[in-house]
Amino acid sequence: MTMRLMQGSEALAAAAIEAGCRFFAGYPMLPFSGLLEEMSKQLPVAGGTCMNAASEIEGVNMAYGASCAGARAATGSCGQGVALMQEALGEAGQAEIPLVIFNMARGQQEYFQCTRGGGWGDYRTITLAPRDVAEAVEHTQLLFHLADLYRAPVILYGDYLIADTQMSVDVSRREFGPLPEKDWVLAGGSGGTGIPDEHRVVAVRGGWGHPQTPNEHWPLIAEKFRYIGRTEARYESLYAEDAEYLVVSWGTTSAFVDYVVEELRADGVRVGSFRPVTLWPFPEDALNAAAVGCKRIFTYELNAGQMLDDVRVSVGRDMPVTALGGVSVDASTMRQGPLLDAPVLRDLLVKAIEREC
């Protein structure tokens, strides 16, 4: 294991390249710009191509095309740019094109965007939300594997803390098991004749179950994502076993929640935390199990309460759930505001618990 002190964007680029990414396209928009700059430096050295696209729409379709040709490809932006990619992501989901999207968000207001999607069709996007740079490095490599394993678009939900924080990390290549051959890629051998066997990257050929018609294809796509929903949910918990109060949070905010939970535990408060590592599939069963014996669930996310819906579905109507977070940005709107402050978070949680006593 070789540890290096690296800035987040530098580490993500290195991890993507170690995972085999050889094509990247994007349009600069903070805090994603740092990752695009790092890919433009590092990828050509590794024998890959990095394109500075004229727009996010152009960037995602460049990456889509590279993936159709068999390359491990990726793109990215922040939430506003990812919104422009939704048509292409829906098409990738239906045509079963593996694609990695780095959403280096300006906050936590893209939960719905990443977990519900804005494209057409019965597809979902596996979304991992790392809590720090080290985990983001691991998630980056895992997402390239999952994209190829399931032939699907996947998302890494980062933010400015992931992009700009320096941390000691190991970016060496991880192995996640065997993958199927990419026998569906466009080889360029048809010479434009349109021979079907040479053009298998379309919605009704190849793919999950090898269907031949749309009415056969689309139900199998839906079943594939139902299978992913049953098998790929990931989570972490802290002191959940005997917690009277459980705080559910995600992404970089969860590190601050865990810090406050540790402090309150030291003061004798029976509070615990739960973190969905995958925003989709959401770990419903695990959260439901963690909530057993709790008096109340609190959610802490820096938006108007987007994860709140998934938490309520997971724990059922008999468990009270209260949102403690909220929209909180600084003057630039690109970084989190005062709610991402451990003393503020602690005060909110203590007062909420006192109201229950």
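Q: Which residues of α2 are called buried?
A: In this predicted model, the residues of α2 that count as buried are Ser33, Leu35, Leu36, Glu38, Met39 and Leu43. The label requires a relative accessible area under 20%. The cover over these residues includes α1 (8-18), β2 (21-26), β3 (49-52) and β5 (99-105).

Q: How do you know what span is expected for α2?
A: Helix α2 covers residues 33-45, which is 13 residues.

Q: Where does α2 bend, and by how much?
A: The bend is at Met39 and amounts to about 30°. Met39 is also one of the buried residues of α2.

Q: What makes the radius of gyration of the protein chain agree with that of a compact globule?
A: For 357 residues the globule rule gives a value near 21 Å, and the protein chain has 21 Å, so the two agree. The C-alpha atoms fill a box of roughly 75 × 45 × 40 Å along the principal axes. Of the 357 residues, 53% count as buried.

Q: How many helices and strands does the protein chain have?
A: The chain has 13 helices and 14 strands. Among contacts between residues at least 6 apart in sequence, 78% join residues at least 24 apart.

Q: Why is the pair of Arg72 and Asp148 called a salt bridge?
A: The label requires a side-chain nitrogen of Lys or Arg within 4 Å of a carboxyl oxygen of Asp or Glu. The closest N and O atoms of Arg72 and Asp148 are 2.8 Å apart, so the pair meets the cut-off. Arg72 lies in strand β4 (residues 72-77) and Asp148 in helix α7 (residues 133-150), so the bridge ties together parts 76 residues apart in sequence. Both residues are buried. Arg72, Asp148 and Lys182 are linked in a network of salt bridges.

Q: What makes Lys224 and Glu96 count as buried or exposed?
A: Buried means under 20% relative accessible area. Lys224 has 0%, so Lys224 is buried. Glu96 has 1%, so Glu96 is buried as well. The two residues form a salt bridge, with their closest N and O atoms 2.8 Å apart. Lys224 lies in helix α9 (residues 214-231) and Glu96 in the loop between α5 (86-95) and β5, so the pair ties together parts 128 residues apart in sequence.

Q: Which parts of the chain does the salt bridge of Glu135 and Arg275 link?
A: Glu135 forms a salt bridge with Arg275, the closest N and O atoms being 2.8 Å apart. Glu135 is in helix α7 and Arg275 in strand β11 (residues 271-276), 140 residues apart. Both are buried. The structure holds 19 salt bridges.

Q: Why is Glu262 called partly exposed?
A: Partly exposed covers the range between the 20% limit for buried and the 50% limit for exposed. Glu262 has 38% relative accessibility, so Glu262 counts as partly exposed. Glu262 is found in helix α10 (residues 253-266). Leaving aside residues up to four places away in sequence, Glu262 touches Leu238 and Tyr239.

Notes:
Residues numbered from 1 in each chain as written. Predicted model: local features only at pLDDT ≥ 70, side-chain atom pairs only at ≥ 80, totals over all residues. Heavy atoms only, no water. Helix = DSSP H or I, 4+ residues; strand = E, 2+ residues; numbered from the N terminus. Expected span 1.5 Å × (residues − 1). Bend = angle between axes of the 7 residues up to and from the residue. Buried < 20%, exposed > 50% of the residue type's maximum accessible area, 1.4 Å probe, protein only. Contact = heavy atoms within 4.5 Å. Rg over C-alpha atoms; globule rule 2.2 N^0.38 Å.
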